[in-house]
Amino acid sequence: MENNPYQTPESDIVQPQGEFKRSIWWKIYFYFIVIISVLGQLLATLEGGDGLAEYLSLTSFVFTTIGLFAFVYNKPIASAKFWFYTLVVTFAYGFIYYGITKVDLQEGLSDLEFYITTIIGFVLMLPNYYALYAISKSDHRVWQTQPNE
């Protein structure tokens, strides 16, 4: 009775073993946002008039870039709680920055153009915010990987 029609089917599906890797799009986004942010930071510095707000912005950029790197390349850097606080502070600072900076951010743009470019900037940062949010979860796979001992 080898051909029992009521027998549970068997499958040859095997879960691939090995290291988890993010899609290539996350890596493209990572390098794109780093290049855009570095250019923005350089232009802000060359513009002059930078003060505490710009230095805080640079610090925020460094931390979010490290967090994005940890997410994209699945590297356990710092802790989940650290990335949660980084996300909250960075997100809040993104709004506060416009009120505390002494640099003319409008630079000759009309109000509508300024608001559109500001919205585009925040939209470009959404994947970065998501990455920080995801890595801030203690059950995220980056915290489950154990180094080989």
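1. Let's start on the outside: Phe-32, Ile-36, Leu-112, Ile-116, Ile-120 and Leu-124 make up a nonpolar surface patch, and together they have about 530 Å² of accessible area. Patches are built from residues with over 30% relative accessible area and no salt bridge, where like charges are joined within 9 Å and nonpolar side chains (Val, Leu, Ile, Met, Phe, Trp, Tyr) within 5 Å. A salt bridge, in turn, is a side-chain nitrogen of Lys or Arg within 4 Å of a carboxyl oxygen of Asp or Glu. Accessible areas come from the Shrake-Rupley method with a 1.4 Å probe, and for residues only the protein chains shown count as cover.

2. Before you go on, remember that this is a predicted model: local features need pLDDT of at least 70 and side-chain atom pairs count only at pLDDT 80 or more, while totals for chains, interfaces and linings use all residues. Residues are numbered from 1 along each chain as its sequence is written, and side-chain values use heavy atoms, with hydrogens and water left out.

3. Leu-124 sits in α4 and is partly exposed, at 32% relative accessible area. The cut-offs are these: buried is under 20% relative accessible area, exposed is over 50%, and partly exposed is in between (1.4 Å probe, protein chains only).

4. Helices (H or I, at least four residues) and strands (E, at least two) are DSSP runs, numbered from the N terminus. Of the 149 residues, 30% are buried. The accessible surface comes to about 11000 Å², and 64% of that belongs to carbon and sulfur atoms.

5. Now look inside. The largest nonpolar core has 20 residues, and Ile-33, Leu-68, Phe-71, Ile-135 and Trp-143 have the most contacts within it. Such a core is a set of buried Ala, Val, Leu, Ile, Met, Phe, Trp, Tyr and Cys residues joined through side-chain atoms within 4.5 Å. Two or more residues come from each of α1 (24–47), α2 (52–72), α3 (80–100), α4 (111–135) and α5 (141–144), with α4 giving the most, seven.

6. Trp-143 is worth a click: leaving out residues up to four places away in sequence, its partners include Pro-76, Ile-77, Trp-83 and Ile-135. Contact here means heavy atoms within 4.5 Å.

7. Is Asn-128 buried or exposed? This α4 residue is buried, since its relative accessible area is 3%. Beyond its neighbours within four places in sequence, Asn-128 touches Tyr-29, Thr-64 and Leu-68.

8. Finally, the rings: the structure holds 19 aromatic pairs. Rings of Phe, Tyr and Trp (its six-membered ring) pair if their centres lie within 6.5 Å; planes under 30 degrees apart are stacked, over 60 edge-to-face, and the rest tilted. Phe-69 and Tyr-73 are tilted because their planes are at 35 degrees, with centres 5.0 Å apart. For Tyr-97 and Tyr-98 the centres are 5.9 Å apart and the planes at 75 degrees, so that pair is edge-to-face. Tyr-97 is buried at 14% relative accessibility, whereas Tyr-98 is partly exposed at 37%. Both also belong to a cluster linked by ring pairs, whose members include Phe-91, Tyr-115 and Tyr-129.
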